[in-house]
Amino acid sequence: MWLATHTASVVEGVAEGARVDLGEVWTFDGASSMATWLVNRYQLAPRTAADWVRVGNAIQDLPAIRAAYQAGRMSWDQVRAVTRIATPETDDELAAEAPGTPVRDLNRLAREIDLRRSEEHTSEL
């Protein structure tokens, strides 16, 4: 129960961050990006802030992953890995498979897909 309550509040936090990012409200404080604003405001590591922003933006278009995370079926590390590779077309499948998949396997899959996408992009140039 604690995990579900905790993740529900984190989901709302990163979702609110995504809304703030879209509105570029962080510019009012002179920040160059939402991640930079988070680093300065909350003393986060740059990587953590970037992940909060990226995941928050990603889950706006991934309702099944968002729901799985919000219900406590996925950890932060799982959702962080899965949102690197998920698309609206793969949302349902990944939301169903990721909760039972070790984080190291999700990270490996994300690296492989990132590499493949990078190679495809390079070959298109």
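Q: Which residues are linked in a network of salt bridges?
A: The network joins Arg47, Asp51, Arg54, Asp77 and Arg80. A salt bridge needs a side-chain nitrogen of Lys or Arg within 4 Å of a carboxyl oxygen of Asp or Glu. The model is predicted: local features need pLDDT of at least 70, side-chain atom pairs count only at pLDDT 80 or more, and totals for chains, interfaces and linings use all residues. Residues are numbered from 1 along each chain as its sequence is written, and side-chain values use heavy atoms, with hydrogens and water left out.

Q: What makes arginine 47 and aspartate 51 a salt bridge?
A: Their closest N and O atoms are 3.2 Å apart. That is within 4 Å, so the pair qualifies. Both residues lie in helix H3, 4 residues apart, about one turn of the helix.

Q: Why is arginine 47 called exposed?
A: Its relative accessible area is 54%. The classes are buried (under 20%), exposed (over 50%) and partly exposed (in between), with a 1.4 Å probe and protein chains only. Arginine 47 is over 50%, so it counts as exposed.

Q: Why is aspartate 51 called buried?
A: Aspartate 51 has a relative accessible area of 9%. That is under 20%, so the residue is buried.

Q: What makes aspartate 51 and arginine 80 a salt bridge?
A: The N to O distance is 3.8 Å. That is within 4 Å, so the pair counts. It links distant parts of the chain: aspartate 51 sits in helix H3 and arginine 80 in helix H5, 29 residues apart. Aspartate 51 and arginine 80 are both buried.

Q: How do you know that arginine 80 counts as buried?
A: Its relative accessibility is 15%. The limit is under 20%, so arginine 80 falls in the buried class.

Q: Which residues does arginine 80 touch, not counting residues up to four places away in sequence?
A: Arginine 80 touches Arg47, Asp51, Arg54 and Val55. A contact means heavy atoms within 4.5 Å.

Q: What makes aspartate 77 and arginine 80 a salt bridge?
A: Their side chains meet at 3.6 Å, N to O. Aspartate 77 has a relative accessible area of 36%, so it is partly exposed. The structure holds 6 salt bridges.

Q: How do you know that helix H3 has a span close to the expected one?
A: H3 covers residues 46-58, 13 residues, and reaches 18 Å from its first C-alpha to its last. The expected span is 1.5 Å times one less than the number of residues. For H3 that expectation is 18 Å, close to the actual reach. Buried positions in H3 are Ala49, Asp51, Val53, Val55, Gly56 and Ala58.

Q: What is the secondary structure of the chain?
A: The chain has 7 helices and 0 strands. These are DSSP runs numbered from the N terminus (helices: H or I, at least four residues; strands: E, at least two).

Q: Which residues have the most contacts inside the largest nonpolar core?
A: They are Ile65, Met74, Val79, Val82, Ala86 and Leu94, in a core of 21 residues. H3, H4 (63-70), H5 (76-82), H6 (91-97) and H7 (103-124) each give two or more residues to this core. H4 gives the largest share, 4 residues. Apart from this core lies another, of 9 residues, among them Ala31, Leu38, Leu44 and Ala49. A nonpolar core is a set of buried Ala, Val, Leu, Ile, Met, Phe, Trp, Tyr and Cys residues joined through side-chain atoms within 4.5 Å.

Q: Why is the pair of tryptophan 37 and tyrosine 42 called edge-to-face?
A: Their ring centres are 5.8 Å apart and their planes stand at 80°. Rings of Phe, Tyr and Trp (its six-membered ring) pair if centres lie within 6.5 Å; planes under 30 degrees apart are stacked, over 60 edge-to-face, the rest tilted. An angle of 80° is over 60, so the pair is edge-to-face. Tryptophan 37 counts as buried at 18%, while tyrosine 42 is partly exposed at 46%.

Q: What makes the aromatic pair of tyrosine 69 and tryptophan 76 tilted?
A: The centres are 6.2 Å apart, with 50° between the planes. Tyrosine 69 is buried at 2%; tryptophan 76 is partly exposed at 23%.
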